[in-house]
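Please take a moment to turn the model below and to follow the chain from one end to the other. The paragraphs after it begin with a single residue and then widen the view.

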Amino acid sequence: MSNPIGYLPPPQTAEQKPPRPPKPIAIRTKSKAEREAAAWIESINPLRGLSIERAQLIFDAARRGNDVRLQSVYANMEEADPTLLICAERRSGALVDLDWTVRPKQAGRVRGFDEGLAREQCALLEAAYGEAEEANLFPAIEHLASAFFRGHAHLVPHFSADGLGIKGFEPLDTWNVCRDILTSQWYWNPAASETTDFHTLAPIGPGEMVSLVRSRHVDYPAMAIYLRNALGEKAWGKFLERFGVPPVIIIMPELSDPNNTPAYMEAARDVADGGSGALPYGSQVTYAHEARGTNPFKEFLEHQQQLVVLMATGGMLTSLTGATGIGQGATQAHEETWRMIVRRDASAIATALNRTVTDALLDRAFPCLLY
């Protein structure tokens, strides 16, 4: 992650002092009543009984600006679906494996570039983000990375008393914020209310939180795949019940007493359930193997998994579990695609931090700076 800087403020006088960081107004510690009101979001399983029709209603509510239930579905879906869980872990893990740096903009791209001043600003930011790294910078980056799957993610930066350092970041649950789609204004929703009457919520002011928003995110199409996958699993279970164990047919001996038919039927059921026993001489036991038919579900479920992996990592299902195939063209192409995804993710997160945290630090360190 990089932080290009090219600001050129006038020299500060001895009388100038950096202002103290503003105190958050909207985002605050939840009251007991708000915590109790929001407890429902973590006490229910939104995936139970989820159908295409119900999912459409949840999407419609999200389009009106309140995605409380949608974010709850996303979070639980990532935990319940192994393929989606692995993809999310890979995306966030790849970012944590990277190092971060602060660097100035190229001199030729900034009018009146002052190299000495740029070095001073870089030193300030190196110290501030270094302090944040000692706290929870990388967990905060992982939290922001969830926006690539859920659509948005938010952090509250905690600055030092003088406003020139970063004491750490506080991750926010996505169901505690909502946005007016007409004005793009974010609101603090501590009780996780499903209201779209934003006048009842506190607006979140500029600089109060770091936000990463992605209009195209993985969980949106993955939710439809998850539902199709669940439907396939259910149908597969019925298939196994019917054809998984081949039916057993017992041929009674010739001229057997019809009154013994119930006993033969019971013996057939015992054999089908894995039991054993004795039958009169001349009885025949056969298994209806040809009645099992073909199994279409394995290919169907693998196709759904491949769609999720393709969206999340740019590769196929074998890229998570198969051999690396070092030196082969397909593997090299996937690795390059993966590097492009990670670079883009890192750039998006760096931009989100710069627009809120970096700008605030430089504003306080250089109060005469004009943008």
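Where is the place of Thr356? Thr356 lies in helix H13, where helices (H or I, at least four residues) and strands (E, at least two) are DSSP runs, numbered from the N terminus. This is a predicted model, in which local features need pLDDT of at least 70 and side-chain atom pairs count only at pLDDT 80 or more, while totals for chains, interfaces and linings use all residues. Residues are numbered from 1 along each chain as its sequence is written, and side-chain values use heavy atoms, with hydrogens and water left out.

Thr356 counts as buried because its relative accessibility is 14%; buried means under 20% relative accessible area, exposed over 50%, and partly exposed in between (1.4 Å probe, protein chains only). Not counting residues up to four places away in sequence, Thr356 touches Gly207, Met209 and Val210, a contact being heavy atoms within 4.5 Å. Thr356 and Pro206 are 150 residues apart in sequence, and their C-alpha atoms are 8.0 Å apart in space.

The view can now widen to the whole protein chain, which has 13 helices and 10 strands. Of its 371 residues, 40% count as buried. Among the contacts with a separation of 6 or more, 74% come from residues 24 or more positions apart.

Next comes the interior. In soluble globular proteins, nonpolar side chains tend to be buried together. A nonpolar core is a set of buried Ala, Val, Leu, Ile, Met, Phe, Trp, Tyr and Cys residues joined through side-chain atoms within 4.5 Å. The largest such core here has 61 residues, of which Tyr129, Phe169, Met223, Ile349 and Val357 touch the most other members. Helix H13 (residues 329-365) gives the most to this core, with 12 residues. A second, separate core of 9 residues includes Ala26, Ile27, Trp188 and Met209. Leaving aside neighbours within four places in sequence, Tyr129 is in contact with residues including Trp100, Leu137, Leu353 and Val357. Leu137 is also one of the buried residues of helix H7, a helix (residues 137-145) that is mostly covered, with 7 of its 9 residues buried.

Val156, found in strand S3 (residues 152-159), counts as buried because its relative accessibility is 2%. Beyond the residues up to four places away in sequence, Val156 touches several others, among them Ile27, Phe169, Glu170 and Met209. Val156 and Glu170 are 14 residues apart in sequence, with 4.9 Å between their C-alpha atoms.

S5 and strand S6 (residues 186-188) are joined over 3 bridges, and Cys178 has Tyr187 in S6 as its bridge partner.

Tyr187 also forms a stacked aromatic pair with Phe198, at 5.1 Å centre to centre and 15 degrees between the planes. Rings of Phe, Tyr and Trp (its six-membered ring) pair if their centres lie within 6.5 Å, and planes under 30 degrees apart count as stacked, over 60 as edge-to-face and the rest as tilted. Tyr187 sits in strand S6 and Phe198 in the loop between S6 and S7, 11 residues apart, and both are buried.

Definitions and conventions
Pairing = 2+ DSSP bridges.
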